[in-house]
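Please load the model below and keep your selection tool handy. We will go from the whole chain to its pocket.

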Amino acid sequence: MVNALKRRGFDIRYAKKGLGNSELLAIAESEGRVLVTHDHDFLRVELYKSSKGVIVLPVLKIEEMVKTLVEFLERVEAKELEGKAFLLRREFSIENSIEE
């Protein structure tokens with residue numbers, strides 16, 4: 001998925017497995033990045049409210065995940081993601097958009 005998004009011009013940083021949630025958020029925050037994950041734990045308000053945003057993707061085939069994410073990002077501005085978490089579903093339907 002990382003390579004597919006890079007080919008589309010996205011600035012991606014892949015984090016190694018085994019990092020804790022707080023470590024991942026700290027990295028994303030220090031670099032001003034939106035965190036994209038499969039981990040539903042990031043839907044907890046205390047984890048995302050001070051972030052640039054969190055997007056939780058379903059586990060699908062790589063092509064489907066890329067399509068879902070790209071379609072979502074084409075419809076939102078970066079500032080709309082800040083302090084929010086989004087739970088995406090296949091073919092860009094947003095199951096839940098959570099705000100502070």
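Here is a short tour, one selection at a time.

This is a predicted model, in which local features need pLDDT of at least 70, side-chain atom pairs count only at pLDDT 80 or more, and totals for chains, interfaces and linings use all residues. Residues are numbered from 1 along each chain as its sequence is written, and side-chain values use heavy atoms, without hydrogens or water.

**Select the whole chain.** Colour by secondary structure to find 5 helices and 4 strands, taken as DSSP runs (H or I, at least four residues; E, at least two) numbered from the N terminus. Along the sequence they run α-α-β-α-β-α-α-β-β. The C-alpha atoms fill a box of roughly 30 × 25 × 20 Å along the principal axes. Switch to a burial view: 32% of the 100 residues count as buried, meaning under 20% relative accessible area with a 1.4 Å probe, protein chains only.

**Select Arg13, Val34, Leu35, Val36 and Thr37.** Of the 35 residues lining the largest pocket, these lie nearest its centre. A pocket here is an open set of points on a 1 Å grid over the protein atoms alone, where a 1.4 Å probe fits, with protein on both sides within 12 Å along at least five of seven lines; lining residues have an atom within 4 Å of a point.

Helix H2 gives the most to the lining, with 4 residues. Others that supply at least two residues each include H1 (2-7), strand E1 (35-37) and H4 (62-75).

**Colour the lining by residue type.** You will find 23 nonpolar, 4 polar and 8 charged residues, with Asp, Glu, Lys and Arg counted as charged and Gly among the polar ones.

Technical notes:
Buried < 20%, exposed > 50% of the residue type's maximum accessible area, 1.4 Å probe, protein only.
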